[in-house]
Amino acid sequence: MTAVPRPLPDLRRDDRGLPWVGRLFDYARDPVGLFRHHWEHYGPVAPWYTLGTTSVMLLGPDACGEALQNRDKAFANGPAWSQLVGPFFHRGLMLLDFDEHHGHRRIMQEAFTRPRLESYTRRLHPAIEEGMAGWATDGAFPSYWRLKQLTLDIAADLFMGGAQDTSVEEMDRVNRAFIACVQAAGGVVRADVPFTRWGRAYRGRKVLEAFLRHYLPAKRSRPSDDIFSVLCHIETDEGDRFTDDDVVNHMIFLMMAAHDTSTITTSTILQYLGQYPQWQERCRAEALALGPEPSTAELEGLTSLDLVMREALRLRAPVPVLVRHTVKETVVQGVRIPAGTNAALGLQFTHLMDEYWTAPETFDPERFSPERREDRSHRFAWEPFGGGVHKCIGLYFAGLEVKAIMHRLLRGYRWTVDPAYVPPLDNHSLPFPKDGLPISLVASAGR
Ligand code: HEM
């Protein structure tokens, strides 16, 4: 006999928050605290009120896992993410659904095969070396902002293949346009209004489209090993390829997906290695054992750095919440969710649950070691890259980029961070340290 699904619990008056915005400001202040409160009061499928509607929070690995697996195809990405990130990432892979998503994902998979990853790795090293060349090491080093610039520089080379016709000033304008699109998610005014985050993002999207369309004919005519050119030329065994519009839409989304996430991960690693010098030394010893431009396989073999990266992704998931929208009624953990409901999947909350992790707030990379494997406490206990059909297509690339940056930093520099330092996070869109995550960075002797 199957149990009759329960209705969504009623939202208590105290939990409604402010008119229309609901508890959005509480989320911005302390997302995990808000999610924990709802978990304790309502369980894994909790109501919450925000931006004028009652949505659900899916909390814990069982509820998140059900939505990610999406067996009855009730959860859609496009209508959920486009409400949050706005129209600026129009028709990016993450915003497509069902058969259309499947078709595009099969083509894009060709851009992330092993031989492609190896050729991206070869391009990564000189781009990183050039990006770090001007790093001054006197005084407090705002690591987050420097890494953000570095990952933008890397993207200009690896994604664009350089932009030969574009002046430095114009490239600056493109970078600003791109950042405006990324920051739109946190906008309260959700329309094309001047001087608002959304207003800037509308103009930003136009700048990016014009920029990419300018280079498209050249990319189509001459294959090269940057991602822009790769997207122009890949096809499936059945001969399916991307149209010009697809290439532009996917490029804008890919650069966004690759940029802030890798920056957040690398800066989190810098913070913890600065606070835990024994781990910094352990990672440095492995980096020094390799040459200056390690291969894909050698980067993958940096085992201590790999443990640290996993722990950084657990403690500060660059995408702390995923969103979905139900296109039909469904049941999660025995609770009925009506069609037309927005859902927030609390990945970061799961990463900090006592039920699945020992001392979850503590930096302890060994929890991922073969002897402990705490991430196996539940299939969906550790999901910084999501799961199911939308699982991050760039996760191996991300690992290589982060490790290649860290490899060079560990060989060339030493740094410290006050053990008591806690970064003040801005949680309006992806979580970033508002103070730029200052570290004391010094160049190693003889680098
Ligand atoms: C540490 C870095 C990264 C993290 C934490 C991360 C996280 C995620 C997550 C959680 C999703 C799932 C979204 C959902 O289910 O709604 C996702 C999707 C995606 N990511 Fe990443 N990402 C990272 C780096 C990258 C990089 C470097 C690229 C590209 C080079 C990339 C490209 C994508 C794409 C295209 C999707 C959409 C996949 C689909 O819908 O089929 N990501 N990412």
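Which residues come nearest to the ligand? Of the 22 residues around the ligand, these are Ala258, Thr261, Gly386, Cys392 and Gly394; a residue counts as near a molecule if its C-beta atom, placed from the backbone, lies within 6 Å of it. The model is predicted: local features need pLDDT of at least 70, side-chain atom pairs count only at pLDDT 80 or more, and totals for chains, interfaces and linings use all residues. Residues are numbered from 1 along each chain as its sequence is written.

**Shell around the ligand**
- Two or more residues each are given to the shell by α11 (244-275) and α16 (395-412); helices are DSSP runs (H or I, at least four residues), numbered from the N terminus.
- Six residues, the largest share of the shell, come from α11.
- The shell has 14 nonpolar, seven polar and one charged residues; Ala, Val, Leu, Ile, Met, Phe, Trp, Tyr, Cys and Pro count as nonpolar, Asp, Glu, Lys and Arg as charged, and the others, Gly among them, as polar.

**Helices α6 and α16**
- The contact joins residues of α6, including Leu117 and Tyr120, to residues of α16, including Tyr396 and Phe397; two residues are in contact if their C-beta atoms, placed from the backbone, lie within 7 Å.
- By class, this contact of α6 with α16 has ten nonpolar, two polar and three charged residues.

**Tyrosine 396**
- Tyrosine 396 has its place in helix α16.
- Not counting residues up to four places away in sequence, tyrosine 396 touches Phe112 and Leu117.
- The C-alpha atoms of tyrosine 396 and tyrosine 413 are separated by 25 Å, and these residues are 17 residues apart along the chain.
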